[in-house]
2 protein chains.
Amino acid sequence: MRDTGLLGRLIQHLRCLPGVGPKTAQRMAFHLLQKDREGARALAETLLQAIDRIGQCSRCRTLTEKPLCDICADPARDSSLVCIVENPSDVWIIEQATVFKGLYFVLHGRLSPLDGIGPGELGLDQLERQLATSDIKELVLATNSTVEGEATAFFIGELARKHHVQASRIAHGVPMGGELEFIDSGTLLHAFNGRRTI
Amino acid sequence: MRDTGLLGRLIQHLRCLPGVGPKTAQRMAFHLLQKDREGARALAETLLQAIDRIGQCSRCRTLTEKPLCDICADPARDSSLVCIVENPSDVWIIEQATVFKGLYFVLHGRLSPLDGIGPGELGLDQLERQLATSDIKELVLATNSTVEGEATAFFIGELARKHHVQASRIAHGVPMGGELEFIDSGTLLHAFNGRRTI
Ligand SMILES: [Zn+2]
Ligand SMILES: [Zn+2]
């Protein structure tokens with residue numbers, strides 16, 4: 001394989017995309033350079049802008065280029081209901097699959113003491129301040145149903161209890177060990193409607 | 001789906017990559033922004049450089065950032081043997097799969113009169129000048145074995161005959177209707193060794 005030169009470097013860098021192996025990276029590079037240079041330029045420029053401008057929402061920690069994300073800034077959302085998720089992508093998935101009208105709080109991970117991920121890394125101090133000072137009445141715990149996701153939900157449930165806030169766990173239909181990302185939207189809608197207080 | 005904003009635009013632009021649908025684009029965007037901003041920046045910058053600098057080799061028309069590609073510039077390659085392929089990616093595939101030591105000529109397509117793709121679009125005037133003026137002894141026709149690929153090979157075979165240059169067609173093992181890109185390297189090696197004069 002001749003992977004020296006700019007074309008080889010492009011193919012190499014395309015492999016930083018998840019799920020893209022050497023053959024796919026080759027196909028992508030040739031496609032962009034032969035058939036869609038305009039699209040490729042727009043992609044590269046948007047990616048640079050996104051890297052520079054997209055940070056975390058100051059309230060819910062999801063990815064946004066604004067100080068406050070669109071959901072947190074929307075006065076029509078019910079701020080008494082906060083859904084806890086592991087990843088910003090989970091927010092998108094839930095928005096697409098369900099009719100949830102509350103706010104979110106994004107952990108950017110799950111408790112994993114062995115990897116050095118504790119409550120501080122997940123922003124739980126910030127969540128606790130919100131529990132103490134805002135009008136939150138219920139936390140919907142939508143962490144993944146893996147062992148660590150369940151432990152994280154349990155831990156945050158305890159925080160809620162401490163602040164006399166109700167906590168519920170999405171439950172029905174999410175298969176054990178499953179990641180939200182790979183669940184069909186019907187199942188996820190069902191799981192939301194079937195959440196139970198913990 | 002909230003696809004306004006920079007994040008939504010990034011997801012949209014990622015879909016210009018071949019084989020990337022909305023879900024994969026979402027996953028890619030979140031992965032880059034959450035876990036690999038450094039890789040994302042390198043990818044974006046390399047892509048912009050590639051768009052600006054990569055053009056066609058003046059001799060074989062493959063993609064390269066130099067006036068003459070590495071293969072054409074390599075004095076160890078046998079310039080009496082020229083392999084005709086439809087796409088620059090085919091050059092890579094053949095280089096990886098076979099022991100071919102000649103040069104290439106890249107058509108960037110195949111004859112398709114209904115789509116307005118004639119000999120001029122494929123650079124066949126340039127190929128004919130090379131047939132007339134250089135030391136080419138054999139053209140190896142490695143266009144895809146689709147109807148249009150076969151017609152293109154036949155047409156170029158006639159050009160070769162006109163200039164008293166031998167033409168051979170890779171044959172054994174490439175399934176009818178198959179694209180080179182999706183053929184395993186063993187089959188392709190066999191097809192090269194089993195090429196026949198046409
Ligand atoms: Zn927010
Ligand atoms: Zn060349």
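A residue is called buried when its relative accessible area is under 20%. In this predicted model, A:Leu7 has a relative accessibility of 6% and therefore counts as buried. The residue belongs to helix H1 of chain A, which covers residues 5-14.

The surroundings of A:Leu7 come from both chains. Setting aside residues up to four places away in sequence, A:Leu7 touches A:Ala29, A:Phe30 and A:Leu33 from its own chain, together with B:Ile54, B:Leu63, B:Glu65 and B:Trp92 from chain B. A:Val140, in contrast, stands 48 Å from A:Leu7, C-alpha to C-alpha, and 133 residues away in sequence.

Chain B is superposed on chain A by a rotation of 179° with 0.0 Å of shift along the axis, at an RMSD of 0.1 Å. This is the relation of a two-fold axis. Within chain B, B:Ala44 has the C-alpha nearest that axis, at 2.2 Å. Both copies use the same surface, since 100% of the contact residues of chain B recur in chain A.

Chain A also supplies the protein donors of a zinc ion (ligand 1): the SG atoms of A:Cys57, A:Cys60, A:Cys69 and A:Cys72, lying 2.3 Å from the metal. The spacing of these donor residues in sequence is C-x2-C-x8-C-x2-C. The angles among the four donor atoms run from 106 to 118°, and the site is tetrahedral. For four tetrahedral donors, the ideal angle at a metal is 109.5 degrees.

Methods
Residues numbered from 1 in each chain as written. Chains lettered and ligands numbered in written order. Predicted model: local features only at pLDDT ≥ 70, side-chain atom pairs only at ≥ 80, totals over all residues. Heavy atoms only, no water. Least-squares fit on C-alpha atoms with pLDDT ≥ 70 in both. Contact = heavy atoms within 4.5 Å. Helix = DSSP H or I, 4+ residues; strand = E, 2+ residues; numbered from the N terminus. Buried < 20%, exposed > 50% of the residue type's maximum accessible area, 1.4 Å probe, protein only. Donors = N, O, S within 2.8 Å, 3.2 Å for Na, K, Ca; no water. Tetrahedral: all angles 85-135°; square planar, octahedral: opposite > 155°, others 65-115°.
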